[in-house]
Amino acid sequence: MFRKLFYFLPTQLFLISIKRNHFVLLFWIILFGIVGENLFVKYGIPYLFLAPEYLNEVSVWSYFIMGFSIGGFVMAFNVTGYIINSNKFPFIATLKYPFLKYCINNSLLPLLFIIYFCFKIAYFLHTKELYSNSEITIFIIGLLGGYISFVFFSLTYFFSTNKNIFKILGIKEDNEPNNVSSFLLKEKGWFRFFKKSKKWHVEYYLHNPFKTKNARDISHYDTEMLKSVFKQNKINASIFEITVFLTLIGLGFLSENPIFIIPAGASVVLFFTTILILFSAMHTWLQGWTGFTFIVLFIIVNLLSKYQTFSYTNMAYGLNYTTQKAEYSIKTINDLKNNNKNFNTDYYNELKILENWKSKNNQAAKPKLIYINTSGGGSRASLWTFFTLQQLDSLFNNKVFKQSHLITGSSGGMIGAAYYRELYLLNQHNNLKPDITNRIYINNMAKDLLNPIAFYMATNDFFIRTKKYNYNGNNYTKDRGYAFEKQLLINTENILDKKLLDYKSPEVNAQIPIMIFSPTIINDGRRLLISAQHISYLNNNNPNNNTFSQPIAENIEFSRLFKNQDAANLKFTSALRMSATFPYIMPNVSLPSEPQIDVLDAGMRDNYGALSTFKHIHTFKNWINDNTSGVIVITIRDKSKDKLIENNPLKSIIESANSPIGSLYGNLFQIQDYNLDDMLQYLSADLSHPIDVIDFELESNNNQISLSWHLTKKEKTNVLNSIHSKNNQKSIVRLAKLLEE
């Protein structure tokens with residue numbers, strides 16, 4: 001029994017994959033890990049597979065597309081295996097429909113994955129999304145329907161094009177070997193030659209999914225004739241792969257139509273399929289040189305990418321990249337920092353804005369000056385920030401936002417704050433009266449942003465980028481950054497479709513709080529401060545009268561550094577994107593400077609925007625002391641401030657090796673908290689009035705909410721329910737008392 005099982009073709013194909021096809025197996029390991037919620041759970045990637053969204057909803061069509069994409073991956077897996085391994089099983093060439101027989105016998109991994117995937121979907125939807133059994137059944141039928149559709153389509157092509165040895169010779173397959181023409185008969189020398197080819201021994205194979213047959217003896221067939229069968233099949237396979245590859249690229253050109261924006265999970269599978277197709281197509285022509293060629297091509301592409309001609313840079317829309325580039329040097333940085341004229345102009349402009357704020361908040365007693373600091377954290381931070389501001393204004397009759405002067409932070413939190421601020425601004429116009437407490441705006445903020453990003457990544461960004469986007473008379477290359485901005489505008493009904501300059505007047509008149517974005521400059525770790533106002537007073541860190549040092553400039557004012565590159569015309573969604581450039585998911589934004597500045601997520605330096613807040617309080621401490629009864633800093637956090645201390649069990653060698661770097665990155669935001677709390681203690685000495693920091697923390701009742709631009713239904717509910725937590729209710733009570741003082 002063991003011998004039959006061991007020399008069974010499905011077993012041998014599985015073993016040869018383990019021995020030779022490590023590159024292909026890697027994709028299966030990743031897929032099993034994702035579906036099993038063992039890989040990338042923190043970033044919510046498994047949920048993109050288990051509960052895919054299409055046109056902003058989980059539906060039978062989203063599962064159909066998911067199944068269709070998996071079918072494409074499975075066929076790419078089969079084609080790759082057939083191209084690489086078929087010569088080790090030459091008897092397959094003598095069977096009717098050789099490729100079909102190969103697919104049937106190579107179905108162990110795909111079958112295990114589909115069964116496991118269906119089980120995980122059912123469990124996830126039942127326990128975490130609370131779907132009914134009938135709905136789950138329909139979704140799984142949709143998944144299987146999509147999978148079978150692609151497989152059926154593929155095999156139909158191979159049925160019509162592939163030939164076995166009998167078709168090539170024009171004889172019936174039923175003829176026994178001794179009836180085959182004499183030129184097919186082999187001498188003992190040919191048999192010894194086949195022994196030297198190291199073919200894998202097989203005794204049984206699956207004739208169809210429910211029937212086995214003995215492997216045919218091929219010792220009497222001409223070797224070259226068998227090879228010609230495989231060659232003809234492989235050419236057809238290559239044509240099929242090229243067609244599928246071109247279809248995938250073609251989908252990228254249809255990305256403007258939401259119908260063609262497939263679920264993000266399907267886009268991931270699509271990317272894996274593309275890599276397999278390229279690998280197997282190259283193997284068809286290069287054979288054993290494929291791996292070496294891949295390495296050489298990677299080195300060449302890596303070297304060429306250093307040159308502008310062969311490099312794709314992501315741009316900030318609205319900036320002029322064709323004019324003379326801004327000089328980014330120590331001299332320029334110091335000139336901006338030490339320019340007293342700019343400092344005085346901006347300082348008195350800010351005093352004017354503060355006076356306007358004071359007039360708007362004319363009260364019997366001096367008002368509290370409110371700063372809003374909001375953390376990054378993808379869609380969970382966007383939704384949590386928006387919902388928190390909406391709830392606070394609803395509870396306190398818009399008093400919170402009315403008394404807010406400055407909003408800083410990073411990533412998703414700034415997107416949620418920007419959306420609420422724009423609705424608040426529209427609400428002040430007689431002809432535009434949106435009810436900003438309406439549930440529709442919560443739903444808008446919770447909508448998916450990841451599907452178009454993943455789709456562009458799979459169909460456009462890793463290949464030739466030819467599509468252009470024209471904005472304000474300038475042309476830019478479309479990529480996943482463009483997809484992010486476009487989808488954000490769609491989700492928010494285009495009300496954020498503005499330039500940075502458009503917010504200058506409303507901020508000066510204190511109609512809305514000032515917003516300062518602070519993406520991190522990759523080149524040197526400095527912070528690039530982006531605002532509709534000139535804010536050089538935040539760049540100045542010259543020593544006090546009793547301090548003797550030479551401090552280096554930490555902050556760079558965007559509006560002045562890129563004044564000649566149309567900084568004021570920067571598209572507002574590009575400012576949001578620069579602040580929310582999560583590594584790898586979003587492309588680094590390159591700015592028109594020499595040397596070129598690349599910027600990354602603001603959270604790398606200050607996840608809560610507190611550095612800008614503290615600097616502002618310190619700079620205007622005299623005005624704050626004279627005109628307010630104190631400062632309230634509302635910090636909207638996407639996670640608890642007190643991080644639980646984890647157990648430290650024995651680590652593996654790999655875990656131990658990764659521990660120093662992994663620990664530093666894993667505790668990055670905690671380290672920022674330590675530093676900011678210390679800075680706050682020193683800052684308090686500047687004011688005669690109290691500084692009250694009130695935290696609103698996203699608490700998920702031990703259900704982790706993924707760090708992603710996509711939220712599941714359960715995650716959205718957890719975010720909204722977090723406002724009712726014990727700590728947040730205490731914060732609301734405390735805020736109410738402070739506003740009454």
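Select Tyr371 and Val633 in this predicted model: Tyr371 stands opposite Val633, a residue of strand E16.

Seven of its seven residues are buried, that is, under 20% relative accessible area, so the strand is largely enclosed by the rest of the structure. Colour its side chains by direction: Val631, Val633, Thr635 and Arg637 point one way, Ile632, Ile634 and Ile636 point the other way, and all are buried.

Proceed to strand E17 (residues 691–697), which is parallel to E16 and connected to it through seven bridges. Here Phe696 is the bridge partner of Ile636.

Return to E5 and select strand E6 (residues 404–409); five bridges link these two parallel strands. Thr374 has Gly409 of E6 as its bridge partner.

Now show the whole sheet. It is open, with five strands in the order E9-E6-E5-E16-E17 and parallel pairing. Strand E9 (514–516) and E17 form the edges, each pairing on one side only. From one strand to the next, the twist averages 20°.

H30 (residues 726–740) lies across E5, E16 and E17, at about 150° to E17.

Finally, select residues 104–124 and 260–279, which are among the spans listed as "transmembrane region" in the unreviewed UniProt entry. Residues 104–124 are 90% helix and 0% strand, with end C-alpha atoms 30 Å apart. For residues 260–279, the corresponding values are 80% helix, 0% strand and 26 Å.

Notes:
Residues numbered from 1 in each chain as written. Predicted model: local features only at pLDDT ≥ 70, side-chain atom pairs only at ≥ 80, totals over all residues. Heavy atoms only, no water. Buried < 20%, exposed > 50% of the residue type's maximum accessible area, 1.4 Å probe, protein only. Helix = DSSP H or I, 4+ residues; strand = E, 2+ residues; numbered from the N terminus. Pairing = 2+ DSSP bridges. UniProt positions renumbered as here; feature names shortened; annotations may be inferred. Axes fitted to C-alpha atoms, helices over the stretch in contact; angles between N-to-C directions. Contact = heavy atoms within 4.5 Å.
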